[in-house]
Amino acid sequence: MANAAAIAAAFGGGLPPGITGTNDRCTILVANLNLDRIDEDKLFNVFAIYGNIVRIKLLRNKPDHALIQMGDGFQAELAVPFLKGVMLFGKRLEVNFSKHPNITQGAETHEYVNSNLNRFNRNAAKNYRYCCSPTKMIHLSTLPQDITEEDIVSLVEEHGTIVNNKVFEVNGKKQALVQFETEGQAIVQFETEGQAAEALVCKHARPLSGSAIRISFSQLQNI
C-alpha cells in the first residue's frame with residue numbers, strides 16, 4: 001500500500017506489533033459508545049490520529065454503534081488494535097473491522113474527506129510517529145505564544161485530575177523556518193488514559209487566540 005514506507009519509517013523501519021500491512025478493509029465498526037457524550041466530530045478527533053477520515057455514520061438502528069471509514073486499509077489496521085478496549089466517557093470501546101467495505105454517502109453521514117483537520121494529507125511519516133494506544137499524557141501544539149501553564153490547566157481540567165503539566169517552546173523545523181516563529185507546545189499528564197482521551201476528543205482543533213489547537217497522545221512516561 002502507498003503508506004507502507006511512511007509507516008515503516010516512522011516506526012524505525014518496521015511495522016508496529018500486530019500490524020500486517022495487508023489489510024484492505026477501510027471501514028471500522030465502533031460499539032459501546034456513550035450516546036450522551038459522543039458525536040461524529042469527537043469520534044473524528046480520536047480516530048484521525050491513525051489516518052485520514054472519509055466519513056462517519058452513527059447507526060440509528062443500533063444505538064451506541066458507529067461506522068468510521070478510514071482513508072485506506074493500512075490506517076484502519078492501525079486504529080483497530082490501538083483503540084480496541086479504550087475507555088471513553090466511561091464506556092469501554094468495542095472496535096472491529098466492519099463487514100461493509102465503505103459507508104454510503106447520505107443524509108445521516110458526516111463527510112470529512114475534504115476536511116483540513118485530516119492529519120495525513122501532508123507530513124504522513126511525522127504523523128505516523130504519534131500513532132500509539134491512548135496514554136495518560138497529551139501533547140498540545142499550535143498554541144498561542146503567550147499561553148501559560150495556568151491557561152492549559154483551565155482548558156482541560158474539566159476532563160480529569162491533572163498530575164503534571166509543562167509549557168515549553170521548540171524551534172521550528174527547517175520547513176517551518178519560513179514562518180519566522182517557534183511553535184508553542186504543552187504536555188499534560190492525567191491520572192488515567194480515559195481522562196486523557198476525553199480531553200483529546202473534546203479539545204482537539206478548538207480555536208484559541210486564532211489558532212486551532214492540535215492534540216496527540218504523548219508516548220513519554222513522565223514529564
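Residues are called buried under 20% relative accessible area, exposed over 50% and partly exposed in between, with a 1.4 Å probe and protein chains only. Helices (H or I, at least four residues) and strands (E, at least two) are DSSP runs, numbered from the N terminus. The model is predicted; local features need pLDDT of at least 70 and side-chain atom pairs pLDDT 80 or more, whereas totals for chains, interfaces and linings use all residues. Residues are numbered from 1 along each chain as its sequence is written, and side-chain values use heavy atoms, without hydrogens or water.

Helix α6 is mostly covered. Of its 11 residues, 10 are buried. The buried residues include Gly194, Gln195, Glu198, Leu200 and Lys203. Ala205 follows α6 and has a positive phi, near 70°.

UniProt, in an unreviewed entry, places the feature "domain: RRM" at residues 26-100 and 136-220. UniProt positions are given here in the numbering of the model, feature names are shortened, and annotations may be inferred rather than shown by experiment. The span 26-100 is 25% helix and 33% strand. Its end C-alpha atoms lie 9 Å apart.

An open sheet of 5 strands has the order β6-β1-β3-β2-β7. Its pairing is antiparallel; two strands pair if DSSP finds at least two bridges between them. The edges are held by β6 (94-97) and β7 (109-111). Each has a single partner strand, so one side of each is left without a neighbour in the sheet. Neighbouring strands are turned by 20° against each other on average, direction ignored. Axes are lines fitted to C-alpha atoms, for helices over the stretch in contact, and angles run from 0 to 180 degrees between N-to-C directions.

Within this sheet, β2 (residues 53-58) and β3 (residues 65-70) run antiparallel and are joined by 5 bridges. Lys57 has Leu67 of β3 as its bridge partner. Helix α3 (residues 73-83) packs on the sheet and touches β1, β3 and β6. Its direction makes about 150° with that of β6. Helix α2 lies across β1, β2, β3, β6 and β7. It runs at about 140° to β2. Contact here means heavy atoms within 4.5 Å.

Asn34 sits in the loop between β1 (27-31) and α2 (40-47). The residue is buried, with a relative accessible area of 16%. Leaving aside neighbours within four places in sequence, Asn34 is in contact with Phe89 and Lys91. A polar atom of the Asn34 side chain lies 2.8 Å from the backbone oxygen of Phe89. A polar contact is a pair of N or O atoms within 3.5 Å; within protein, one must be able to donate a hydrogen and the other to accept it, and residues adjacent in sequence count only if both atoms are side-chain atoms.

The structure holds 3 salt bridges. Each requires a side-chain nitrogen of Lys or Arg within 4 Å of a carboxyl oxygen of Asp or Glu. One of them joins the side chains of Arg37 and Glu198 (3.1 Å, N to O). This pair links distant parts of the chain, 161 residues apart. Arg37 belongs to the loop between β1 and α2, and Glu198 to helix α6 (residues 193-203). Arg37 is partly exposed, at 36% relative accessible area. Glu198 is buried, at 13%.

Another salt bridge joins Glu111 and Arg55 through their side chains (2.9 Å, N to O). Glu111 lies in β7 and Arg55 in β2, so the pair ties together parts 56 residues apart in sequence. Glu111 is partly exposed at 33% relative accessibility, whereas Arg55 is buried at 13%.

Glu158 and Lys203 also meet in a salt bridge (2.9 Å, N to O). Glu158 lies in the loop between α5 (149-156) and β9 (162-170) and Lys203 in helix α6, so the pair ties together parts 45 residues apart in sequence. Glu158 is exposed, with a relative accessible area of 59%. Lys203 is buried, with a value of 1%.

Arg214 lies in strand β13 (residues 214-217). The residue is partly exposed, with a relative accessible area of 26%. Its C-alpha atom is separated by 5.2 Å from that of Ser141, 73 residues apart along the chain. Not counting residues up to four places away in sequence, Arg214 touches Arg119, Asn127, His139, Leu140, Ser141, Thr142 and His204.
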